[in-house]
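Please open the model in your viewer and keep the selection panel at hand.

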Amino acid sequence: MRFASVYPHYVAKAERKGRSKDEVDRIICWLTGLDAEGLQARLESGADFETFFATAPALNPARELIRGVVCGVRVEELEDPLMQEIRYLDKLVDELARGKAMEKILRRP
C-alpha cells in the first residue's frame, strides 16, 4: 500500500477533530527523521509503506515508548517490524485526533 494513499486519511482524521495537517506532518517527521521537504518527496514518489519506513533517515528511538491498542492489537506486541512502524504512526495520529497535547504525543525517553 502506498503511503501517499493513506496520508490524506491521517490528515482528514486530524482535521475532523480540529487539529491540523501541520501537526500530522510534525508527528510523521518526529517518527521518521524526515524534514518537510523529505516528507513531500516521499508523498510525490508514491513510495509504499515498506519503502517509506526503510528509507527514513532516522527512526526516532523514542517510538518504542508508544504503547496502546490500534485495531484491537497492542502496538508494543506486534512481531512484524513493518506493521509495528505503521501502527506506531496510526497510534500517534489517533492520539492527535483525541486532543492529546503535542508534547505528550512526541514521547521523551
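Axes here are lines fitted to C-alpha atoms, for helices over the stretch in contact, and angles run from 0 to 180 degrees between N-to-C directions. Helices (H or I, at least four residues) and strands (E, at least two) are DSSP runs, numbered from the N terminus. This is a predicted model, in which local features need pLDDT of at least 70 and side-chain atom pairs count only at pLDDT 80 or more, while totals for chains, interfaces and linings use all residues. Residues are numbered from 1 along each chain as its sequence is written, and side-chain values use heavy atoms, with hydrogens and water left out.

Colour by pLDDT, the predictor's confidence in each residue, from 0 to 100. The protein averages 95, and 99% of the residues score at least 70.

Now select helix 1 and helix 2, whose axes come within 8 Å and cross at roughly 125°. That makes helix 1 oblique to helix 2; angles under 35 degrees count as roughly parallel, over 145 as roughly antiparallel, 65 to 115 as roughly perpendicular and the rest as oblique. Showing side chains, you will find Phe3, Tyr7, Tyr10, Val11, Ala14 and Glu15 of helix 1 in contact with Lys21, Val24, Asp25 and Ile28 of helix 2, where contact means heavy atoms within 4.5 Å.

Next, select Phe3, Tyr7, Phe49, Phe52 and Phe53, which ring pairs link into a cluster. Rings of Phe, Tyr and Trp (its six-membered ring) pair if their centres lie within 6.5 Å; planes under 30 degrees apart count as stacked, over 60 as edge-to-face and the rest as tilted. By this rule the count comes to five aromatic pairs. Phe3 and Tyr7 have ring centres 6.0 Å apart and planes at 45°, so this pair is tilted. Both lie in helix 1 (residues 3-16), four residues apart, about one turn of the helix.

Finally, centre on Phe3 and Phe49, an edge-to-face pair at 5.5 Å centre to centre, with 85° between the planes. Because Phe3 lies in helix 1 and Phe49 in helix 4 (residues 49-54), the pair ties together parts that are 46 residues apart in sequence. Phe3 and Phe49 are both buried, that is, under 20% relative accessible area, with exposed meaning over 50% and partly exposed in between (1.4 Å probe, protein chains only).
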